[in-house]
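Subject: Structure handover

Hello,

Here is the structure for you to look over.

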Amino acid sequence: MSSLAPYGRPPLRTVQVLGGVSAGSSGQVRALATGLTARGVRVTVCSPQRTEEAHDFTGAGAVHVPVPRRGDPASLAALRAACSGADLVHAHGPHAALRASLALSGRPVPLVVTWYSGGSWDGSRPRVRELVERRVARAASVVLGATPELVGRARALGARDARLAVLAHPGARPPHEGDTAGRSTADPDKTRAELGAVGRPLLLAVGALHAGRGYRTLLDAARAWRGLEPQPLVLIAGEGPLRSQLQRRIRREDLPVRLLGRRTDVPELLGAADLVLVPGSREARSVLAQEALLAGVPLVAAEVGMMTELVGGAAELVPHGDAEALARAVTALLDDPYRRQRLRVASRALTRSWPSEDEAAAQVLGVYDELTG
């Protein structure tokens, strides 16, 4: 595996193209930038400025070029200029890949595309989504899919080379006994007091307030928790178009739920939580589920996407959209400290087997070497 450029040759220059602020893809790019720059690769990240502020690609050694998440001529021109002189372009997600393929039109530059999710995006009609994904699959030199299903879909859409991606959880290492990796060092009691969860269970969900995240199911389940003593407090960290709708329902039904808005202290929230809830997900590999397992917080999640394969026996899984099953699973876990401890032990064993960021970067660099010779 190559690391630094051979003597007499300039270092490999790559451009990473991001379409938005998804925690999954943005975190993977941040980790990838760290691994590639450590190996002597020059990395430029093209993304909206807000994504740079959230993930600090420049802190990982990359050059950041602000490019809005749009397909207008000015944005495409900015992306095309950023890709000028690149040895290889790597796009993350279908929107980013479409714009990258347009920006590279007419240039013999290899294009690598990573697909993180197979679900619908941005409310696009299925036919439109399929047309975009077909164009992207055929334009890519290599497609890296987050799941075997995505690899198969890319091949069915005409990809010339589709492989399973090695994805690590960015920013954390699997914790071993006595380690604090993946856990916050903040005082959980202080955090709970600030959140108003003293003397009551704290249930945490994190993610943008969009359809497909399962928040309506979560509020349905919260009705059953109103009668528990002590009454759990459900905290939802995230922002999005469903906020006003969810807030009205919380007030109308007097649900024990608080919307926290966008937060930058998710590790502290995890450290204070008794349970983490993933009632739905648009990601092939839920970032929140990974963070919960790494932090050793018992997890209750809907069986959606690759959740079963991701968590194994280290979480309680319930049918997607089944509020009664979600309510029962949470209530049973709150009443069973021994089961919660068994889940913590299982999560430690599971996360030790996950690929490291270094292994993920090594796979990608191997692909780059193949395509650039």
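First, a term: a salt bridge here is a side-chain nitrogen of Lys or Arg within 4 Å of a carboxyl oxygen of Asp or Glu. This is a predicted model, where local features need pLDDT of at least 70 and side-chain atom pairs count only at pLDDT 80 or more, while totals for chains, interfaces and linings use all residues. Residues are numbered from 1 along each chain as its sequence is written, and side-chain values use heavy atoms, with hydrogens and water left out.

**Salt bridges**

The whole structure holds 16 salt bridges. Side chains of opposite charge can pair when their charged atoms come close.

Arg-129 pairs with Glu-133 in one of these bridges, with the closest N and O atoms 3.8 Å apart. The two sit four residues apart in helix H5 (residues 126–139), so about one helical turn separates them. Helices are DSSP runs of H or I with at least four residues, strands are E runs of at least two, and both are numbered from the N terminus. Both Arg-129 and Glu-133 are buried. Buried means under 20% relative accessible area, exposed means over 50%, and partly exposed lies in between (1.4 Å probe, protein chains only).

Glu-370 bridges to Arg-163, and here the closest N and O atoms are 2.7 Å apart. Glu-370 is in helix H15 (residues 357–372) and Arg-163 in strand S7 (residues 162–164), so this pair ties together parts 207 residues apart in sequence. Glu-370 counts as exposed, at 52% relative accessibility. Arg-163 is partly exposed, at 24%.

Glu-239 and Arg-243 form another salt bridge, with 3.5 Å between the closest N and O atoms. Glu-239 is partly exposed at 28%, and Arg-243 is partly exposed at 27%.

There is also a network: salt bridges link Asp-220, Arg-223, Arg-249 and Glu-253.

**The chain as a whole**

The protein chain has 15 helices and 13 strands. Its C-alpha trace spans about 70 × 45 × 35 Å along the principal axes. Of its 373 residues, 51% count as buried.

On charge, the chain carries 47 positive and 37 negative side chains. Lys and Arg count as positive, Asp and Glu as negative; His and the chain ends are not counted.

Best wishes

Definitions and conventions
Charge placed at Lys NZ, Arg CZ, Asp CG, Glu CD.
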